Amino acid sequence: MTNNPQLTLDDKAALEAALPAYLRSKRWFRAKAYTITSVDVAQTIPLPEAPDSYLVIVQVNYEESDPHRYVLLLRLGPADVSHQGAVAEFPGGLAAYDATADHALAFGLLSAIRSGLDLREGDMGAISAWSTSSLPALYSADDALHPTVMGVEQSNTSVRYGTSLILKLFRRLEDGVSPELEIGRFLGEQGFKNTPPLAGAIEYHTTSIPEPQTLAILQGFVPNQGDAWSYTLASIAPYYDNLDSHPDLDLDLPRGSHLLDLAGAEVSPAVQDAVGPYLHSARLLGRRTAEMHSALASDPANLAFAPEPFTPEYQGAMHGSMRALTEEAFRLLRGRVDDLPSETRAEASTLLNHQSDVLARFEPLSAHQIQAMRTRCHGDYHLGQVLWTGTDFIIIDFEGEPVRSLDERRLKHSPLKDVAGMLRSFHYAAYSGMFDSISKHGPQEGIELWADLWQLWISAAYLRSYLDTAAGAPWLPATSADLRLLLDAHLLEKAVYELLYEINMRPDWVQIPLKGILQLLS
């Protein structure tokens, strides 16, 4: 146990006063739209093997919401005369600094997991760390394990140790086990190889919450060439660069055909030649997706993962959620249509006339009993959640959609919800590639037809491979009609969710979900 001194009451008061500004500066802070009324330091835990370093749990109070708890890594040291880099300054010439990139702290967290550290601070929360049987093999003596904070922060902070391990620190402390930990551990037990192996975790325990709360997880680092989104955009660039190379390709797309019908059709030699080797990649990703879903549904004795049948209550809740999402998105679109780029307004106006058609597509969910099973899913599945190794795909980030509560993210759904997320990601890739091509070469006549051709046949290849691999699985609907109903509902739900997101975050991209919704309605 380290002999680090505890912060004094005056120190805590100074830290609490400084934290609102500090939190707002961090990308992992999720509540930037809320008004912070105060920040309370709930607990400071000295960390072993990291002198003067603390894991600090704070409660953030808001005007508009219930409080959230966040995890900070801080180090005490002399106040810098330049006042740069300090989170807060204390009486007596000390200051608190962000210790996320501190090597001693990074090694201390790794050492805690290796040794199974148990830290208890009085009657308050306790920290426990543990490792899996995978850690010894991953903890290579040949690797210097030099810690490096990964450059991209989202809802967590990641530290890579050499080329062997990666630690993911969850900044928002939630009441229960993280799906990332829960699913990663389960997939490892089931022998699923296309996700990083779980090496250990750090958890926080309090008497008020029955389950441990996940602070961090340690995984094997998988060497890769980037995520599947970057790989896909690199693969699609030559397709747009060589549009003139395929003058005989039929661009009269089968728009009247359902995607399931296209998945059952053979891809013509002309399409194979134009689209190129990414067709094989799409099929491989479809197979890996089905294998993931098979693993997630493989233990009926585990209540957290045992498949469950669709019920009228679940279908009613699903229908209500989709209706509410649609009404919110259309309300926002109606109020923002005049602010959209001029080339997007016409399609937005067209879609606004079809709100009732969108809602009608969800109606069968409450009127017709679906014969299928619900299982645990990835929850936020798209090309950015998959790594490309150069020969295979590795599926990562099982946290689910960060805007949803932990309980929501642990619910069971049709795995077709994941499939729909990936299919919509292909649509985004096709149009992102098109935008890049226009930026590079200028406008090209008919280029949107080429984007649609790529998206439809890549989606069909992915879907066919998925369905072939999953054939006979209990989570697939018993009839082709139910399969079509569920896939359509989840595709439309995802596109409406994207519309809501893009209006708020990237108005220049609103045309992608707009086109997607109109295409799904056609």
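Student: What counts as a strand here?
Tutor: Strands (E, at least two residues) are DSSP runs numbered from the N terminus, as are helices (H or I, at least four). The model is predicted, so local features need pLDDT of at least 70 and side-chain atom pairs 80 or more, while totals for chains, interfaces and linings use all residues. Residues are numbered from 1 along each chain as its sequence is written, and side-chain values use heavy atoms, without hydrogens or water.
Student: OK, where is Arg171?
Tutor: Arg171 sits in the loop between β10 (165-170) and β11 (172-173).
Student: Is Arg171 buried or exposed?
Tutor: Arg171 is buried, because its relative accessibility is 0% (buried is under 20% with a 1.4 Å probe, protein chains only; exposed is over 50%).
Student: Which residues does Arg171 touch?
Tutor: Leaving out residues up to four places away in sequence, its contacts include Trp28, Arg69, Tyr70 and Asn156 (contact means heavy atoms within 4.5 Å). Thr157 is also among them, and the side chains of Arg171 and Thr157 make a polar contact at 3.0 Å (N or O atoms within 3.5 Å, one able to donate a hydrogen and the other to accept it; sequence neighbours count only if both atoms are side-chain atoms).
Student: New topic: how many cavities of 30 Å³ or more are there?
Tutor: The whole structure has four. A cavity is a set of points on a 1 Å grid over the protein atoms alone where a 1.4 Å probe fits but cannot get out, and lining residues have an atom within 4 Å of a point.
Student: What's the volume of the largest cavity?
Tutor: About 140 Å³, counted as the space filled by probe spheres set on the points, which are joined across faces, edges and corners.
Student: Which residues lie nearest its centre?
Tutor: Of the 14 lining residues, Gly379, Glu401, Lys417, Glu493 and Lys494. Helices α14 (416-441) and α16 (480-505) each supply at least two residues of that lining.

Technical notes
1 Å grid on protein atoms, 1.4 Å probe; cavity = no way out; pocket = protein on both sides within 12 Å on 5 of 7 lines; lining within 4 Å.
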